[in-house]
Amino acid sequence: VGPYYTYHTEFDNYHYLSNYADPDMNATKSVAEVAAVVLFELANERTVPLSATSYAKYVSDTVLNSRLKTDLAEEDIDSEILEKAIRKFVANAEEYEKSRPKFEDQNGCTWSYGAITTKCCRWSGVPLQSRSSGPTPE
């Protein structure tokens with residue numbers, strides 16, 4: 001499938017998709033299957049396996065290590081407000097993670113919060129250690 005030039009236009013509809021963009025519906029079927037598996041796995045988790053601190057660190061690293069600060073400086077815009085907001089976001093994420101209750105999963109792992117990371121727990125048969133760099137069980 002080539003570039004999807006009609007994305008978010010008046011021609012972005014089922015007729016275009018089924019006749020031009022993905023006539024055999026292979027890409028559409030693949031996306032639907034992946035979404036179904038992910039949703040099924042999430043529905044069976046005791047908590048949603050996300051880490052606020054990992055997300056906050058990602059946002060912080062991405063924004064602060066990008067050209068954004070340079071671009072703002074070139075336009076004579078002070079980036080201190082943005083940096084202060086990011087620091088507060090990271091601090092709030094860390095505080096939130098500390099406040100989450102602990103629980104024990106089906107494999108006997110005790111979790112402080114919902115990030116998936118330990119080798120003693122599995123998601124679709126794949127060891128979670130290789131999927132994330134979040135917390136480890138206590």
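A residue counts as buried when its relative accessible area is under 20%, as exposed when it is over 50%, and as partly exposed in between (1.4 Å probe, protein chains only). Asp-61, with a relative accessible area of 34%, is therefore partly exposed.

Welcome to this structure. It is a predicted model, in which local features need pLDDT of at least 70 and side-chain atom pairs count only at pLDDT 80 or more, while totals for chains, interfaces and linings use all residues. Residues are numbered from 1 along each chain as its sequence is written, and side-chain values use heavy atoms, with hydrogens and water left out.

**Charged partners**

Let us stay with Asp-61. Its side chain meets that of Lys-57 in a salt bridge, 2.8 Å from N to O; the term stands for a side-chain nitrogen of Lys or Arg within 4 Å of a carboxyl oxygen of Asp or Glu. About one helical turn separates Asp-61 and Lys-57, because they are four residues apart in helix α3. Helices here are DSSP runs (H or I, at least four residues), numbered from the N terminus, as are strands (E, at least two).

How many salt bridges does this rule give? The count comes to six, and the table shows some of them.

| Salt bridge | N to O distance |
|---|---|
| Asp-61 and Lys-57 | 2.8 Å |
| Arg-67 and Asp-71 | 2.7 Å |
| Glu-74 and Arg-67 | 3.9 Å |

Arg-67 has a relative accessible area of 51%, so it is exposed. Glu-74 is exposed as well, whereas Asp-71, at 32%, counts as partly exposed.

**Aromatic partners**

Searching the whole structure turns up two aromatic pairs. Rings of Phe, Tyr and Trp (its six-membered ring) pair if their centres lie within 6.5 Å; planes under 30 degrees apart count as stacked, over 60 as edge-to-face and the rest as tilted.

Tyr-16 and Tyr-20 have ring centres 5.4 Å apart and planes at 35°, so this pair is tilted. Both belong to helix α1 (residues 14-21), where being four residues apart puts about one helical turn between them. Tyr-20 counts as exposed because its relative accessibility is 56%.

Tyr-55 and Phe-89 make an edge-to-face pair, because their planes stand at 90°, with ring centres 6.1 Å apart. This pair links distant parts of the chain: Tyr-55 sits in helix α3 (residues 52-64) and Phe-89 in helix α5 (residues 80-99), 34 residues apart. Phe-89 has 35% relative accessibility and so counts as partly exposed.
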